[in-house]
Amino acid sequence: MIQVKNLTKYYGPHLAVDNISFQVGEGEIVGFLGPNGAGKSTTLRILTCYQPATSGAASVAGFDVFTQSMEVRRVIGYLPEGNPLYPEMRVREYLNFRGKLRGMARDQRAAAIKRVSDRCWLGEFIDRPIGHLSKGMKQRVGLADALLHDPKVLVLDEPTIGLDPTQIRETRKLISDLARQHTIILSSHILPEVEAVCQRAIIIAGGKIRAAGTLNEIRDRIKGASRLIAEIRGPRQEVETAIRGVSGVRSVDATAVDGWNRIRMEVVEGQDVRENIAGLAARNNWPLRELRLEVGSLEEYFVQITAESHTARGRGTAA
Ligand SMILES: Nc1ncnc2c1ncn2[C@@H]1O[C@H](COP(=O)(O)OP(=O)(O)O)[C@@H](O)[C@H]1O
Ligand SMILES: [Mg+2]
């Protein structure tokens, strides 16, 4: 339903989206997960024809985002970041206005407004000024607007940002309900959001896709790459060299921590080298104070790429 191929976006010299490719199948609900500044909104604006890409290709429901923007807009409902609305308009008035912009006839608009206000629980709020609504209610109005023309695809940019816990729960429930009838791509900078509503995630940081798959697939992949941590006292070079020589150890990274060598090892998948490391320390009379397997969780992985993309900021610019 959504196809993205080698999509790249520069803002002047700044590389915001770096050659990303992914697909979203019909009926899927996919989370586009990444820290602030990852390139999520930029990608979604390109998909919804609100912004051109620098290079690459993208299509939605078979329509090319660059050459068939009218058709793309017709099949997409888009809830932009920040959900811009007109505070002085009443909800019904606003939806009617948006329907007119979409070229819907009067009776078609009335039926659509009825449908989306039921769908998004607008109820008694339908004749209130938007400016008087809570943030959660405004978000529902934004969703109702996105649904007005009954699009096949929903593109939701951080749909629960700024909402309180009750509103977050309600909005997630609504999105999960909508997933039965629409293909959805939803961006978020928090993992629990994606875990709560999505079948699959695409993790993006620094403009690059870092992982993609079902959350369980991503978790398994991260677990496979587990590390061993050892803290050994002894001559740094000798200790490091000796550990490098242990079979099953793939790479070694040593740092000094208050007089101890703190050694992180990447280990060949499925091998437990702890006994060999302990034996090595004993044979050399090197005190060993810690030896533990570090099994990464998805949370840790996400924290790590978030931290990396912060330190990498500024390096993502063109020469
Ligand atoms: N209109 C713009 N002009 C210049 N730089 C931008 C613009 N929009 C976003 N950026 C930059 O592009 C990068 C990606 O931004 P964005 O797509 O908004 O990320 P996200 O939605 O994941 O937080 C950031 O470094 C941001 O500062
Ligand atoms: Mg954003």
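A residue is near a molecule or strand if one of its heavy atoms lies within 4 Å of it. By that rule, ligand 1 is surrounded by Tyr11, His14, Ala16, Pro35, Asn36, Gly37, Ala38, Gly39, Lys40, Ser41, Thr42 and Arg45. This is a predicted model, in which local features need pLDDT of at least 70, side-chain atom pairs count only at pLDDT 80 or more, and totals for chains, interfaces and linings use all residues. Side-chain values use heavy atoms, with hydrogens and water left out, and residues are numbered from 1 along each chain as its sequence is written.

- Histidine 14 has a side-chain N or O atom 2.9 Å from an oxygen atom of ligand 1; a polar contact is a pair of N or O atoms within 3.5 Å.
- Alanine 38 places a backbone N or O atom 3.1 Å from an oxygen atom of ligand 1.
- Serine 41 has a polar backbone atom 2.8 Å from an oxygen atom of ligand 1.

**Helix α5 with helix α6**

- Helices are DSSP runs (H or I, at least four residues) numbered from the N terminus.
- The axes of α5 (residues 135–147) and α6 (residues 165–178) come within 9 Å and cross at roughly 15 degrees; axes are lines fitted to C-alpha atoms over the stretch in contact, and angles run from 0 to 180 degrees between N-to-C directions.
- The angle therefore makes α5 roughly parallel to α6 (under 35 degrees is roughly parallel, over 145 roughly antiparallel, 65 to 115 roughly perpendicular, and the rest oblique).
- The contact (heavy atoms within 4.5 Å) joins Lys135, Gly136, Arg140, Leu143 and Leu147 of α5 to Gln167, Glu170, Thr171, Leu174 and Leu178 of α6.
- By class, the contact of α5 with α6 has 4 nonpolar, 3 polar and 3 charged residues; Ala, Val, Leu, Ile, Met, Phe, Trp, Tyr, Cys and Pro count as nonpolar, Asp, Glu, Lys and Arg as charged, and the others, Gly among them, as polar.

**Helix α3 with helix α4**

- Helix α3 (residues 91–101) packs against helix α4 (residues 106–119) at an angle of about 125 degrees, with the axes 10 Å apart.
- This angle makes α3 oblique to α4.
- From α3, Arg92, Leu95, Asn96, Gly99 and Lys100 meet Arg109, Ile113 and Val116 of α4.
- That contact of α3 with α4 has 3 nonpolar, 2 polar and 3 charged residues.

**Helix α3 with helix α5**

- The axes of α3 and α5 come within 10 Å, crossing at roughly 30 degrees.
- The two helices, α3 and α5, are therefore roughly parallel.
- Val91, Tyr94, Leu95 and Arg98 of α3 meet Val141, Ala144 and Asp145 of α5.
- The contact of α3 with α5 divides into 5 nonpolar, no polar and 2 charged residues.

Terms used:
Chains are lettered from A and ligands numbered from 1 in the order in which they are written. A polar contact is a pair of N or O atoms within 3.5 Å; within protein, one must be able to donate a hydrogen and the other to accept it, and residues adjacent in sequence count only if both atoms are side-chain atoms.
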